[in-house]
Amino acid sequence: MVHIRDLALPDFPLLLAPMEDVSDPPFRAVCKANGADLMYTEFISSEGLIRDAAKSRKKLDVFDYERPIGIQLFGSDVDTMGECARISTLAGPDLIDINYGCPVKQVACRGAGAALLRDIPKMVQMTEAVVKATHLPVTVKTRLGWDENTLNVEEVAERLQDIGIEALTVHGRTRVQMYKGDADWRLIAKIKENPRIKIPIFGNGDIDSPEKALEYKNRYGVDGIMIGRASIGYPWIFREIKHFVATGEKLAPPTVEERVAMCRMHFEKSIEWKGERSGILEMRRHYAQYFRGLEGAKQWRMRLVDTYSVDEIHAILAEISAAEPMLVG
């Protein structure tokens with residue numbers, strides 16, 4: 001098993017990446033149902049939480065069916081991050097995660113997320129403030145470095161372990177790369193091979209198939225992997241990877257009935273958590289992925305996004321299931 005302090009995860013656990021405007025409780029529910037072993041909230045702004053912003057507060061919602069679940073925080077002020085960790089602890093997650101990897105301009109240019117890769121002493125100070133502010137395990141997600149000239153993640157791993165983090169996830173790109181090009185896991189492997197490193201090391205970046213998951217497990221020796229974009233509209237990737245790693249055999253892709261059932265579950269959880277109107281609107285971004293490759297998918301999606309009626313959405317989903325459209329792409 002893989003341990004994050006007292007939190008026991010299965011061998012080679014699969015983690016759901018924290019994704020802004022994606023990994024909310026409804027999305028996490030369908031990923032959990034398909035085998036995600038550890039999940040994280042959307043990342044939460046420490047400044048927003050301190051200001052008591054409604055959107056930030058709402059992101060603290062965690063539910064027992066999601067466990068184990070971590071709350072991920074980002075910010076640029078050391079004291080504010082410590083206070084934010086105390087507030088987040090009261091929400092009852094299983095761990096607190098710090099985001100030192102977000103590359104988007106609105107975050108990095110405010111001195112948060114991946115920007116801390118250019119100020120390791122401040123990153124250490126901030127991490128120590130979070131560790132001291134909570135009794136929960138603290139983990140970190142980061143990148144290889146700011147750019148190709150500052151690949152400092154090995155130093156980051158040692159220094160953050162020394163002040164008390166209990167697991168580290170590394171995305172195999174620099175901040176400058178954003179999400180372009182191929183993820184490079186070689187430095188992730190070097191961290192794992194470092195005899196000083198005792199905490200679990202998870203790899204992230206470009207895992208989009210069971211074959212690649214097993215290949216990277218064997219090649220780079222990581223304790224587990226984090227999956228992000230490949231899970232959007234396809235939560236079955238977790239069960240497919242688990243089955244392939246265990247048996248070497250590929251599972252059949254989800255049937256139309258399974259796609260509809262999972263989409264329906266996601267929709268119902270969205271309505272339950274966000275209310276009818278917001279739940280309907282938020283769900284619209286997911287239909288294209290759920291029915292990608294099915295014959296007539298565009299027409300089904302257009303009908304689903306063109307209604308504000310819960311009953312009509314259920315009726316359209318029932319139509320898709322009954323029609324059993326063929327997979328054409």
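Residues are numbered from 1 along each chain as its sequence is written, and side-chain values use heavy atoms, with hydrogens and water left out. Since the model is predicted, local features need pLDDT of at least 70 and side-chain atom pairs count only at pLDDT 80 or more, while totals for chains, interfaces and linings use all residues.

On a 1 Å grid over the protein atoms alone, a pocket is an open set of points where a 1.4 Å probe fits, with protein on both sides within 12 Å along at least five of seven lines; points are joined across faces, edges and corners, and the volume is the space filled by probe spheres set on them. The pocket is lined by 25 residues, of which P18, M19, Y179, G228 and R229 are the closest to its centre (lining residues have an atom within 4 Å of a point). Strands β8 (138–143) and β11 (224–227) are the elements that each give two or more residues to this lining; helices (H or I, at least four residues) and strands (E, at least two) are DSSP runs, numbered from the N terminus. By class, the lining has twelve nonpolar, six polar and seven charged residues, where Ala, Val, Leu, Ile, Met, Phe, Trp, Tyr, Cys and Pro count as nonpolar, Asp, Glu, Lys and Arg as charged, and the others, Gly among them, as polar.

Turning to the helices, the axes of α14 (residues 297–304) and α15 (residues 310–323) come within 10 Å and cross at roughly 165°. Axes are lines fitted to C-alpha atoms over the stretch in contact, and angles run from 0 to 180 degrees between N-to-C directions. The two helices, α14 and α15, are therefore roughly antiparallel (over 145 degrees). On the α14 side the contact (heavy atoms within 4.5 Å) involves W300, R303 and L304, and on the α15 side I313, I316, L317, E319, I320 and A323. These residues divide into seven nonpolar, no polar and two charged.

For α11 (residues 256–274) and α12 (residues 276–283), the axes come within 7 Å and cross at roughly 140°.

Finally, two loops deserve a look. The R67 to P68 peptide bond is cis, with omega near 0°, and P68 sits in the loop between α3 (54–58) and β6 (69–74). R5, in the loop between β1 (2–4) and β2 (7–9), has a phi near 55°, a positive value in a residue other than glycine.

Terms used: Parallel < 35°, antiparallel > 145°, perpendicular 65-115°, else oblique.
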